[in-house]
Each structure stands twice: as C-alpha cells, then as structure tokens.
Amino acid sequence: MSDRTEEFRKQPPAPLAPRPLNLPVPEETALANGLRVVIVEAPRLPLVSFRLAFRTGDAFDPPELSGLTDILTSMLTEGTETLDSRQIADEVARLGATLTAGANADYTTVAASSLSYYGERVLELLADVALNPSFPEDELELTKQNVQQNLIAQRAQASFLATEMVARVLFGEHPYAVVSPTPESIERMTREHLSSFHRSMLIPNNAVLFIAGDVRREEMLARIEELFGGWQPGELPTSQFPSLPARTSRVVYLVDRPDSAQSNIVIANPGITRTDPDYFPLLVMHTILGATASSRLFMNLREEKGYTYGAYTSLDARRLAGTFRASAEVRTAVTGASLKEFFYELERIREEDVAEKELGDAKSYLTGIFPIRLETQEGLIDQLVQIKMHDLPEDYLQTYRERISAVTREDVRRVARAHIQPERAAIVVVGDAAALGEQVAPYAQEIEVYDSAGQRKGLSSNGGDGDEAATIVADRGHDSETVAPDKRKTNGGNRQMDGIWNLEVNTPFGTHPATLTFERTNGALTGHMNSRLGNVPLTDLKTTDEGFDARVALDFQGRTFEADINGRVDDDRLDGTIKIGFPMAPTIRFTGTRSS
C-alpha cells in the first residue's frame with residue numbers, strides 16, 4: 001500500500017456542502033375559543049402525530065401543592081366521563097397508537113400518534129382525555145402511592161440530590177427551584193384540587209394543537225371544530241414570579257452521603273432565557289467546552305486524567321430563566337483534583353480564543369445533526385412545539401444553520417466571559433463530606449453542608465484548613481455502626497438508657513417526631529419505638545458503654561422492612577442512626593432528649 005493511500009486514510013473526509021431543508025410549510029389558524037391550530041401536511045408516510053400544548057407547566061403549581069401538574073397529567077389517561085383507564089388503554093393498543101401526557105417547568109403536552117388511517121379516532125381519544133378527565137378516586141390513590149415510592153428512590157440517587165441543590169441555590173424563591181414534590185404536598189392532593197386546576201389551566205386560549213402527517217387540512221379542521229369548538233375559554237394565568245437571587249461569591253454546597261465511593265460535582269451559574277440573543281454563540285461555546293465526548297472537559301477529565309467516565313456541560317435555557325452547568329461523577333479521592341481541572345477549563349475558554357478547528361468542528365456538528373432531528377414527524381412536531389412554547393421566531397428552523405455558521409471566535413469568548421462566572425459559581429458536591437472537606441476547601445471561602453434531606457448541617461468560613469471536615473468527622477463519630485466486642489454488655493446493663501426519649505428523626509422527607517421508651521422487666525431492659533409508622537418493639541437489644549444497638553420492623557405502604565437502630569448517649573442527649581434494609585435507602589439520623 002502506497003504512502004499516499006496511508007496518508008489519505010489518516011484524514012477524515014471534508015463535510016459536504018449544506019443541502020436545503022425543504023421543510024413542509026406549517027399552516028396556522030385559530031378557533032373562536034382561542035385554540036390555535038398548526039397543521040403540517042406531510043403525506044410521505046401513512047402516519048400522523050398530534051400535540052396539544054399548553055403554555056403552563058410545573059412552575060404554575062400552587063406553592064402548597066408542588067407536583068400538581070405532574071399528578072394531573074399522569075391522571076388524564078386514567079379515566080374520562082365515558083371511558084375508564086382499562087378501556088382507554090385497550091383502545092390505544094387496538095389501534096397500535098400512542099397516547100401520553102406530561103409536563104416540564106414551562107409547558108404541558110398531551111401527545112398521540114398512529115397510522116393516519118386511525119387518525120380521527122386517535123384525535124377523539126386525545127380530545128376526550130384532555131377535555132373530559134374524571135380523575136377517579138381509586139386511580140388517584142394508586143398514583144399518589146406510586147409517586148411517594150418514587151420520591152424515596154430518587155432521594156437515594158446522588159444525581160437527584162445534586163440537581164435539587166443546584167436548582168435551590170440558583171433559583172431561590174422562583175418556582176424553577178422546585179424539582180420534585182414533597183410527600184406532604186402529594187398526600188394532601190384531592191380529586192377536587194385536580195378538577196379545579198384542570199378547569200383553570202387547561203383552557204383553549206392558552207393552548208396550541210399541532211398536527212403533522214398524512215392528513216388533509218380542510219378535513220382535519222372540520223373535525224377539530226367538532227371536537228374542540230365547544231371548549232370554553234378561561235382567564236389566562238399570570239407569571240409574575242420572584243427574581244432570581246444575585247450571586248456575589250463562589251460557594252461550595254456539600255451534600256453529605258456518608259461512605260459514598262464517588263462524588264457528583266456540578267459547577268453552575270445563572271444562565272439565559274431561550275430567546276436571549278446570545279443563545280446561538282453560547283450553544284457553540286457549550287459544544288466546544290463540554291457538550292460531546294470530544295469536547296474539552298471530556299478529553300481532559302476522562303481521556304487525559306482518568307478521573308471519570310464523562311464530564312460535560314449543559315445549557316438549560318427556559319422561558320423565564322436558565323442555568324449553565326459543568327458536571328461529572330468522579331472517585332472521591334480525586335474530587336479536589338477534578339475541581340482544579342474544571343476551573344482550569346472554565347477559565348481557559350474565557351481568557352483565550354478557541355482554535356479555528358475547534359470552532360469549525362463545533363459548527364459542523366451542530367449544523368449536521370440539526371436536519372436529522374427533523375427527519376421524522378415526531379422530531380418535526382417537537383421542534384414546532386418548542387417554537388410556540390418558547391416564543392421563538394417563526395423562521396427559526398429555516399435560519400438555524402445560518403445563525404450557527406455566523407458565530408465567530410470572538411463571539412465564543414464574549415459569551416463565555418458573560419455567562420461563565422467562576423468567581424460567582426455555585427459548586428455543588430454530593431458525596432462523603434468527611435472525605436471531601438479538605439479537598440473542596442481551597443475552591444471557596446464559604447462551605448455550606450447539608451444532609452440528603454436538604455437540611456442545613458453547618459456553615460464554615462474556610463481558609464483551606466479542613467475545619468469543616470473535622471467537624472463532620474466528629475459528628476460522624478456518633479453514628480458508629482459497630483461496637484468493639486469488649487464494650488458490649490447484656491441487655492440488663494447500662495441503666496443510663498432507662499426512661500423515655502423524645503426524638504427528632506431526619507428522614508429524606510423532613511423531620512418527624514418519635515419516642516423511644518426503655519424499661520425493665522425482671523431486671524432485663526426492653527424497649528419500643530413509637531413513630532408515624534406505628535408503635536413497634538426493639539429486638540436484639542444490646543447496650544454498650546456508649547448507648548445501644550437493636551433491630552426494629554417498620555411497616556410502610558403495606559410492606560415490612562427490617563432496620564438496624566443504634567444510639568449513643570451523652571448525659572441527657574441521644575444521637576443515632578436507623579439503617580433500613582431496603583435497596584438504596586439512605587441512612588436516617590435522629591437526635592433526642594430525655595423526657596422530664
């Protein structure tokens with residue numbers, strides 16, 4: 001094989017010249033009740049897709065009923081005035097169709113798709129679940145139980161804890177700060193709440209119906225008028241939300257997960273709205289810095305240093321606000337070293353112009369994948385929803401590639417300096433605080449420590465001397481799960497436990513009261529625990545010089561879980577932990593005082 005052939009194989013082929021998109025033209029009209037209708041005739045395949053989108057999402061939940069929109073959308077397909085959940089599911093399956101509903105912070109959608117032959121029937125089902133939901137009591141109770149279980153599982157995930165803390169510190173009192181409902185808000189939701197919220201929020205003058213596929217516009221409009229024409233409009237909801245908190249310094253928010261083998265790192269700044277003029281240059285900058293597996297952060301932290309499986313940035317631009325984040329999951333031992341590389345790359349893209357090749361590669365990538373997103377009806381209709389729900393220009397799809405191609409090296413550096421602000425960043429680290437205090441200390445003058453329930457544990461003005469870590473280690477000493485054999489006693493020893501203890505139990509869902517009672521029967525110590533989960537006896541009770549170890553059986557959602565409970569006594573104070581034998585369940589901590 002010749003040298004010329006070998007050299008040819010080393011060079012990737014040049015990108016092809018852009019082709020015209022040749023997109024079908026959407027046609028828009030409106031019904032008398034304010035419902036806007038966008039129809040795209042695309043007869044290439046015998047398919048049709050529907051989206052009914054409302055300009056209100058999770059951000060419009062009442063403060064005392066967080067999660068209401070998500071519960072409402074999950075209930076839409078669980079029954080209407082004429083069909084129950086089984087009948088709806090059977091009909092959708094018979095047609096080989098899809099019918100779903102969901103919401104994000106900014107908007108809510110009811111979506112359906114099918115062969116165009118069944119299009120009218122599927123549109124009838126969509127109209128029925130959107131306009132006439134019945135919110136059956138039995139289905140609501142089952143939905144609430146499922147959500148409560150999901151809340152337990154998600155709080156055991158470090159990625160969720162990191163996302164929750166970032167939203168909390170960057171959005172403050174703004175509704176975007178809420179990423180998950182509370183158990184209390186789910187529990188208090190009623191059928192009346194859902195019905196009232198549905199009537200006020202899901203109204204035609206706040207909605208757009210999108211249809212794309214093998215349809216005839218005039219025929220479809222006539223059917224839409226029959227199904228949606230009698231839908232009564234309402235008063236449009238307002239969106240006067242609080243301003244975001246101003247950030248003036250870099251702060252570490254350390255979420256403690258004892259004994260975690262890795263750290264979840266998120267470095268975040270306030271970002272832009274979806275209509276910000278800087279969106280396209282920021283998108284290019286984001287692609288160079290951390291959007292893909294060939295971006296700077298990935299190549300540094302994974303390929304060169306081997307600290308992580310992947311390091312990325314995310315550009316979250318919503319209707320009212322946004323964030324820019326850099327993140328990775330790394331081994332605990334290299335958390336500090338990873339932060340060093342993060343800040344090196346964040347500063348480098350602010351202070352130096354990117355290389356022409358980097359810029360060209362990023363623009364080729366973005367303009368290359370864009371047409372792929374529009375190849376299917378589902379992809380096209382999703383883009384149309386984005387345009388309407390985020391108030392984007394009508395020619396957004398036609399001008400996308402031009403606006404990407406127009407970004408310069410100077411633009412990239414300008415938006416990096418404007419929207420990446422390391423000196424005011426929120427550094428969220430989820431991991432074993434005792435092992436992380438000294439590692440994170442050099443990167444901020446202030447460290448706030450939280451438990452997995454989001455409760456504040458302490459604040460340190462840090463000069464890098466590891467005081468915070470020492471404090472956490474000292475606290476952790478009360479949580480020892482084992483006791484040296486020479487310190488164990490029979491369950492008749494250590495009378496300092498005797499009596500009633502009033503506890504505060506720090507669960508992932510907040511602090512709850514409980515009592516521990518220790519008493520003697522024929523000289524032997526017995527005990528029981530009284531909490532919101534019932535009054536249950538302590539078994540395998542052993543006392544030590546420091547306190548006690550025992551087991552307890554807890555009933556939750558109809559299931560019984562064994563748990564290890566141990567406590568340490570210091571005069572009239574009791575500190576301890578409860579470890580539930582449930583996959584991914586976090587360690588629950590409690591404190592208590594002796595009842596007078």
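User: Which backbone oxygen lies 2.9 Å from a polar atom of the side chain of Ser-185?

Analyst: This is a predicted model, in which local features need pLDDT of at least 70 and side-chain atom pairs count only at pLDDT 80 or more, while totals for chains, interfaces and linings use all residues. Residues are numbered from 1 along each chain as its sequence is written, and side-chain values use heavy atoms, with hydrogens and water left out. The oxygen in question belongs to Thr-182.

User: Is Ser-185 buried or exposed?

Analyst: Buried means under 20% relative accessible area, exposed over 50%, and partly exposed in between (1.4 Å probe, protein chains only). Ser-185 has a relative accessible area of 2%, so this residue is buried. Contact means heavy atoms within 4.5 Å; beyond its neighbours within four places in sequence, Ser-185 contacts Glu-64, Leu-65 and Ser-66.

User: Where does Met-189 lie?

Analyst: Helices (H or I, at least four residues) and strands (E, at least two) are DSSP runs, numbered from the N terminus. Met-189 is in the loop between helix 7 (183-188) and helix 8 (191-201), whereas Ser-185 is in helix 7. Met-189 counts as buried because its relative accessibility is 2%. Not counting residues up to four places away in sequence, Met-189 touches several residues, including Leu-65, Ser-66 and Leu-140.

User: In which sense do strand 9 and strand 10 pair?

Analyst: Two strands pair if DSSP finds at least two bridges between them. Strand 9 (residues 308-317) and strand 10 (residues 322-331) are antiparallel, with 8 bridges. These strands form a hairpin with 4 residues between them, and Ser-314 has Arg-325 in strand 10 as its bridge partner.

Methods:
A polar contact is a pair of N or O atoms within 3.5 Å; within protein, one must be able to donate a hydrogen and the other to accept it, and residues adjacent in sequence count only if both atoms are side-chain atoms.
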